[in-house]
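Here's a quick tour of a protein model, made for someone just starting out. Have a look at the picture first, then read on.

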Amino acid sequence: MSGPFGETRTRVEWNHALIAADGHVPGLPPGWGTARGVVLISPAMRGGAGGPRFCQYLVEGGDGCVCHGPAEDVQRLVYVLAGTAELEGDTLAADDFVYFPPGDEHTLSAPDGARLLVFDKPYEPVEGLDPPARRTGSLADAPTEPFLGDSDAMLATLLPIEPAFDMAVNVFTYQSGAALPFVETHVMEHGLYMRSGQGVYRLGEKWYPVQEGDTIWMASYCPQWFVAMGKSPASYIYYKDIHRDPL
Ligand code: UGY
Ligand code: MN
């Protein structure tokens with residue numbers, strides 16, 4: 001909850017946003033039955049940087065939580081943060097995920113106690129390249145490597161880094177005290193969700209304390225840096241757009 005004087009860590013700036021869980025207001029895009037959830041990042045943010053080019057939201061499991069797929073030209077990644085989800089006879093457990101290519105109709109549901117993180121992005125086709133196929137996977141089985149040689153900052157890539165994919169979703173896990181080795185400034189934008197732990201995120205010219213449950217949007221070219229702090233490792237899952245011509 002916010003403090004007695006309406007304090008919150010939430011900030012929405014022209015090239016980044018920090019959305020703390022205390023400000024969440026329910027509401028989901030169409031297609032999720034009567035599920036409850038919160039849209040964390042969307043093009044509606046706009047801002048001086050043109051606004052996000054994707055949607056990131058949380059969905060809570062329950063009786064009405066059934067979805068049949070995104071719009072025809074939109075791809076989707078669903079990551080199970082907690083509980084389970086059902087996909088056409090298969091059960092997805094916590095830290096499992098499924099990627100749906102555009103137009104891939106399906107029936108996905110989630111019972112009470114489940115929490116799903118969803119990334120929706122319009123797919124940008126490339127002539128001569130088939131779009132990817134549906135795939136399921138799990139964080140434990142994802143290729144995981146030290147980031148730029150630092151074994152205290154492990155980077156797991158959930159989706160193949162191949163030209164057919166125009167989005168990546170990765171999980172970064174830092175031991176306390178580990179940091180991004182330099183302030184990144186890049187054409188790709190990010191949507192990030194703190195899975196656990198805490199730390200300090202530099203976004204543009206500001207430094208923010210962040211913790212489990214926080215969401216961050218970083219526009220293209222938003223200078224960014226992170227250091228993990230506290231007694232346990234910090235981990236975040238994040239989206240980035242890749243492999244397409246920015247022109
Ligand atoms: O993939 C990335 O750009 C990543 N290193 N950025 C980040 O964690 N803010
Ligand atoms: Mn980055």
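Thr-157 sits opposite Asn-170 in β15. These names come from a predicted model, where local features need pLDDT of at least 70, side-chain atom pairs count only at pLDDT 80 or more, and totals for chains, interfaces and linings use all residues. Residues are numbered from 1 along each chain as its sequence is written, while chains are lettered from A and ligands numbered from 1 in the order in which they are written.

**The sheet**
- Strands here are DSSP runs (E, at least two residues), numbered from the N terminus, and two of them pair if DSSP finds at least two bridges between them.
- Eight strands make an open sheet in the order β1-β2-β19-β16-β21-β15-β14-β13, with antiparallel pairing.
- β1 (11-12) and β13 (144-147) are at the edges with a single partner strand each, so one side of each has no neighbour in the sheet.

**Around β15 and β21**
- β14 (residues 150-157) and β15 run antiparallel, joined by five bridges.
- Eight bridges link β15 to the antiparallel β21 (residues 234-241), and Met-167 has Asp-241 in β21 as its bridge partner.
- β16 (residues 190-196) also pairs with β21 in the antiparallel sense, over six bridges, and Met-194 stands opposite Tyr-236.

**Ligand 1**
- Around ligand 1 you'll find Phe-172, Leu-180, Glu-184, His-190, Gln-224 and Lys-240 (C-beta atom, placed from the backbone, within 6 Å).

**Contacts of Ile-216**
- Leaving aside neighbours within four places in sequence, Ile-216 is in contact with His-16, Ala-17, Leu-18, Leu-192, Tyr-201 and Leu-203 (C-beta atoms, placed from the backbone, within 7 Å).

Technical notes. Two residues are in contact if their C-beta atoms, placed from the backbone, lie within 7 Å. Helices (H or I, at least four residues) and strands (E, at least two) are DSSP runs, numbered from the N terminus.
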